[in-house]
Structures are given as structure tokens and as C-alpha cells.
Amino acid sequence: MTAATSTERVPTVDLKLEVVVIPVSDVDRAKSFYGGLGWRLDADFAVGDTFRVVQFTPPGSPSSIHFGKGITSVTPGSVGGMYLVVSDIEVARAELINQGAEVSEIFHRAGPGQPPVSGRHPERGSYRSYATFSDPDGNGWLLQEVTERLPGRVDAGATTFASVADLASAFRRAEAAHGEYEKQLGHRDEDWPNWYAEYIVREQAGEPQPS
């Protein structure tokens, strides 16, 4: 037996999670549901009567979902805990409801492993606020509000945003923080563009904010 080693091996090839397969009992019903949510239809093709694959991508997501016929033997409706990360959970919940989803009330947790508490996290703590909904078969989705990533979660040299709304939210948070910074300065910060940029990149990477 070879002894375990702590030597870190750096991958030479990216492994990008692209697709999650979900089991459904009625392909057309599922297609109508996810299309009604405003998700992008990427593909719908069949081979005979035994195979069909439908692909949808949530707005701003780098990953997609597959469902159809002949692509999984898993029981329809048995998949749960699929995360949809959002920058504003109240706005996301309202949009999903307007598009036909039955979304739970928002709840939060004081910390990892803590019991759920009604309402959004009082301090809008990142990773703390949630809501849930299911597709017609019962496959479960979890909305999670993330405004600041944990350290090491994002490469600061490759900061990206999934949507215009996410970038706009980052600018609003930077604006509020910069207002407090200017109060400390006692005058207008002429270098505010660089301050904003550093704030947003550091927030995404989970690094200490500029002061």
C-alpha cells in the first residue's frame, strides 16, 4: 500500500461541470415548466421513440440541465438539493413566482448546521439565506443568496459575473462601502474607480476589503 502524501498536485486540464441530468416522467411537461421560468432552451432532439434529450440553461449559469427519455434510469422526481446561486434572493424569488413556480418563503440559518429561521438573514450574510421550489415531478431546487465568496473560492485574477444584474449588485455594494470610506477620508476620493475595482475583485475572491 502506498502511503498518503500531502503533496498538492495542480491539475493540468480544466474539469468544468457542464450538465446535471434530472429525471422526469413527462418530457413535454418539464419542457413547458423550465421554459416558462425563462431558462434558455439549448437543445431538443430525439432518436426514434426511445431516446430524447432536452437541455435548458438557467439565466447567467455556466451549467445546464438535461432531461428526456432514455438518458437516466433514476426515479422521476428523486433529485434534490440542486443549488441556484443568486445575488438578491428576494428579487429572484419574486421573478420565479411571476413565472409560475411555487417558491417557499425565504429562510436563513445563523450558521452551518444551524436550524432554519424564517426570513432573510438579518445582516444579509453571504450563503445564509434560502428558498426552495420544485419542478412538476418534485425535483428540488434551492435558491441561495451569495454576495461575497469564501476565501479561495474564486480566482482574483479571473473575476467574472454571471449576469448584468450580478455586476450591478456588486457595484451597489461597492458604492455603499466607498461612501463609508470617503467619510473616513473627509473628502472626495478622486481615485474611486480603482477603489471600486479592488473592492469588487476582493469581494469575489473572499479577500480582506480595501480600507
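Tutor: We will go through strand pairing and then salt bridges. Keep in mind that this is a predicted model.

Student: How do I read strands that lie side by side?

Tutor: Strands of a sheet pair through backbone hydrogen bonds, either parallel or antiparallel. Here, strand 1 (residues 19-21) and strand 4 are a parallel pair with three bridges. Within strand 4, H66 is the residue that V21 faces.

Student: In which sense do strand 3 and strand 4 run?

Tutor: Strand 3 (residues 51-57) and strand 4 are antiparallel and are joined by five bridges.

Student: How many residues of strand 4 are buried?

Tutor: Five of the six residues of strand 4 (residues 64-69) are buried, so the rest of the structure largely encloses this strand.

Student: In what order do the strands of the open sheet come?

Tutor: The order is 5-9-8-6-7, which makes five strands with mixed pairing. Strand 5 and strand 7 each have a single partner strand, so they are the edges, and one side of each lacks a neighbour in the sheet. On average, neighbouring strands of this sheet are turned by 35° against each other, with direction ignored.

Student: Which strand can I use as an example of pairing in that sheet?

Tutor: Take strand 5, which pairs with strand 9 (residues 140-145) in the parallel sense over five bridges. L84 has L143 in strand 9 as its bridge partner.

Student: Which strands does helix 2 lie across?

Tutor: Helix 2 lies across strand 5, strand 8 and strand 9. Its direction is at about 145° to strand 9.

Student: Now the charged residues. What is the idea behind a salt bridge?

Tutor: Side chains of opposite charge can pair when their charged atoms come close. A search of the whole structure gives twelve salt bridges. One of them links D44 and R52, whose closest N and O atoms are 2.9 Å apart.

Student: Are D44 and R52 buried or exposed?

Tutor: D44 is partly exposed, at a relative accessible area of 31%. R52 is buried, at 17%, because the limit for buried is under 20%.

Student: What does a salt bridge join when its partners are apart in sequence?

Tutor: Look at D88 and R120, which form a salt bridge with the closest N and O atoms 3.1 Å apart. D88 is in the loop between strand 5 (82-86) and helix 2 (89-98), and R120 is in the loop between strand 7 (116-118) and strand 8 (129-134), so the pair ties together parts 32 residues apart in sequence. D88 is partly exposed, with 24% relative accessibility, whereas R120 is buried, with a relative accessible area of 18%.

Student: Which salt bridge do E90 and R120 form, and where do they lie?

Tutor: The side chains of E90 and R120 meet at 3.0 Å, N to O. E90 lies in helix 2 and R120 in the loop between strand 7 and strand 8, so this pair ties together parts that are 30 residues apart in sequence. E90 counts as partly exposed at 44% relative accessibility. Through shared partners, salt bridges join D88, E90, R120, R124 and E145 into one network.

Notes. Residues numbered from 1 in each chain as written. Predicted model: local features only at pLDDT ≥ 70, side-chain atom pairs only at ≥ 80, totals over all residues. Heavy atoms only, no water. Salt bridge = Lys/Arg side-chain N within 4 Å of Asp/Glu carboxyl O. Buried < 20%, exposed > 50% of the residue type's maximum accessible area, 1.4 Å probe, protein only. Helix = DSSP H or I, 4+ residues; strand = E, 2+ residues; numbered from the N terminus. Pairing = 2+ DSSP bridges. Axes fitted to C-alpha atoms, helices over the stretch in contact; angles between N-to-C directions. Contact = heavy atoms within 4.5 Å.
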